[in-house]
Amino acid sequence: MGDLLQSGFENESPAHLVNISYDFLISKYQTTFSEFDEFCKETRRERDHQTMVGEEERGR
């Protein structure tokens, strides 16, 4: 994990190994903001602060 080329942000260096010691789910396909919005609407889930990142670019 981290920036191997040292061209990113300061907190991305040094690159290092990370072991994830718990199960987690990851999608095989990308999800758009619109698809995620629809998912939240259909499942009546509220989005937290992290899921609202990027809304400025979408005009929200």
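This short talk walks through one predicted protein chain, from its overall make-up to a few of its residues.

Because the model is predicted, local features need pLDDT of at least 70 and side-chain atom pairs count only at pLDDT 80 or more, while totals for chains, interfaces and linings use all residues. Residues are numbered from 1 along each chain as its sequence is written, and side-chain values use heavy atoms, with hydrogens and water left out.

Let me start with the whole chain. Its secondary structure comes to one helix and zero strands, where helices (H or I, at least four residues) and strands (E, at least two) are DSSP runs, numbered from the N terminus. Of the 60 residues, 10% count as buried; buried means under 20% relative accessible area, exposed over 50%, and partly exposed in between, with a 1.4 Å probe and protein chains only.

Now to D3, in the segment before α1. Is D3 buried or exposed? D3 counts as buried because its relative accessible area is 11%. Its side chain reaches the backbone nitrogen of G8 at 2.4 Å, and, leaving aside neighbours within four places in sequence, D3 is in contact (heavy atoms within 4.5 Å) with G8, E12, S13 and A15.

I26 also lies in the segment before α1, which spans 33–43, but I26 counts as exposed because its relative accessibility is 72%.

Finally, T43 belongs to helix α1, and T43 is partly exposed, since its relative accessible area is 34%. The side chain of T43 reaches the backbone oxygen of F39 at 2.7 Å.

Key
A polar contact is a pair of N or O atoms within 3.5 Å; within protein, one must be able to donate a hydrogen and the other to accept it, and residues adjacent in sequence count only if both atoms are side-chain atoms.
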